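Please keep the sequence and the 3D view at hand as you read.

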Amino acid sequence: MLAQRLIERKRDGGRLDAGEWRALVNAYAAGHVADYQMAAFLMACFIRGMDRAETSSLMSAMLNSGEKLDLAYLGVPRVDKHSSGGVGDKVSLVLAPLIASMGVAVPMMSGRGLGHTGGTLDKLEAIPGFRTNLSLDEARAQLESLHVVMIGQSREIAPADKKMYALRDATSTVESIPLIAASIMSKKMAEGLVGLVLDVKRGSGAFLPDLERDLELAGTMIQLGDDHGCPVTCLVTAMDRPLGRACGNALEVEESILALRGEGPADLMEVTYALGAEMLLLAGTHATREDARRDMAIQIGNGKAAECFQKIIEAQGGNPGVVDDPAVLPQADQCELYAAPRRGFVSRIEPRTVGRGVIALGGGRTKMEDTIDPTVGFVISSRPGDWVESGEPMATIFARDRAGIEAGRAALATAITVADEAEPPLPLVSHRVTKGGVEDLSSQSS
Ligand code: URA
């Protein structure tokens, strides 16, 4: 197979058949196709697009480039949840222990912060000692004992995707619906799931801000799941403002612990319960969303969900004391209040600017090899629609030094708009998408 011929065909708007996708992906994973050739090919895919059959072939080729977990022997249903990426989105930290505490296995494989968005792995690693790089054998052993593991894409899972994803990140070919769908699903289908819930973010802080593109992404991933016998439910949720109050790794772990103790902010709990109910329905443990929500609230109220998080932390080498005392988390050297610049309504809190502000403070990466400071970030107590008086505290900035405080202040001054009128925010949970179609939920959500 000559890579040049396939690049030319894609460049000119043609398509590859399943065998050609398999051969190209395998040759790349084995080092027989150069990075520059794959980069040119991916750019051709990005610009020319891929049909459903090609997307499915790419996903299968990436999935089959590595190992798959067969977890049927656990004797319990296995489900996972994945988000398309947002700011302040710490839902996975709450959901994995919550759902696992209800007798459902959660083999959760997550990613790092990407662009302006945060990543579950970076958040977990804010917990002193926490290891996210377990081998597949370690992950299997933990799934047997705890029914839950929270790890990164191990070397054994979809290695072709890992290599292609790093290349896409460096060559501006991430934001393509077929490439994103095939990449995410190649990892999720290796987890041996009976069901998958996807949180597709919509709004200015999302990778794909438009609803139409979000629904297309959701439909593509549902189809890919269906090809592999895995039912997928997508919820479209708002990312026109940060989720919850905390943005920054250790700060988000602390907010997740509060949520597991029943003290989480209302928007975070609403998205967590909405996604969790879909997970429990797919797992088959609950027949209605109302029952699922009631039982999730019970698990939080009786401390079982927080206890499960403690067990995960301990099993993965972290200090489980953070759950009882979040002050054990690393703390920023400096913190300062950010006050309202005028009286009026909070009309916007722009998530992309907040996310970039966390990176400017040192809490995210601009290059894959950057180390991040887990302590820095923001806690934004104001919400869109709130009324504030001039000088009233709206947020706290956490930084390493004075320069960080000033960078944080500049980011919040750009991100937060106080005006005479509030813009209506997007509904928190606006659509449910399944194989059966799209349901508009906006009238049920605030
Ligand atoms: N996350 C992934 O795993 N892959 C993508 O392509 C985009 C987000």
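Helix H8 (159-170) gives the most residues to the lining of the largest cavity, four of them. Helix H4 (52-63) and H9 also give two or more residues each; helices here are DSSP runs of H or I with at least four residues, and strands are E runs of at least two, numbered from the N terminus. A cavity is a set of points on a 1 Å grid over the protein atoms alone where a 1.4 Å probe fits but cannot get out, while a pocket is an open set with protein on both sides within 12 Å along at least five of seven lines; lining residues have an atom within 4 Å of a point.

This is a predicted model, in which local features need pLDDT of at least 70 and side-chain atom pairs count only at pLDDT 80 or more, while totals for chains, interfaces and linings use all residues. Residues are numbered from 1 along each chain as its sequence is written, and side-chain values use heavy atoms, leaving out hydrogens and water.

The cavity's volume is about 40 Å³, where a volume is the space filled by probe spheres set on grid points joined across faces, edges and corners. Among its lining residues are Leu 42, Met 62, Tyr 165, Arg 168 and Ser 183.

Tyr 165, Arg 168 and Ser 183 also belong to the surroundings of the ligand, along with Ile 180, Ile 184 and Lys 187; a residue counts here if one of its heavy atoms lies within 4 Å. The table gives polar contacts, which are pairs of N or O atoms within 3.5 Å.

| Side chain | Ligand atom | Distance |
|---|---|---|
| Arg 168 | oxygen | 2.9 Å |
| Ser 183 | nitrogen | 2.7 Å |
| Lys 187 | oxygen | 2.5 Å |

The protein covers 86% of the 240 Å² of accessible area that the ligand has on its own, by the Shrake-Rupley method with a 1.4 Å probe.

Of its 47 lining residues, Ser 110, Gly 111, Arg 112, Tyr 165 and Lys 187 are the closest to its centre.

Where does the second largest pocket lie? Domain 2 (72-156 + 164-325 + 427-444) and domain 3 (330-419) both give residues to its lining, so this pocket lies between them; the bounds come from an automatic or database domain assignment. Its space is about 330 Å³, and H16 gives the most to its lining, with three residues.

Conventions
A polar contact is a pair of N or O atoms within 3.5 Å; within protein, one must be able to donate a hydrogen and the other to accept it, and residues adjacent in sequence count only if both atoms are side-chain atoms.
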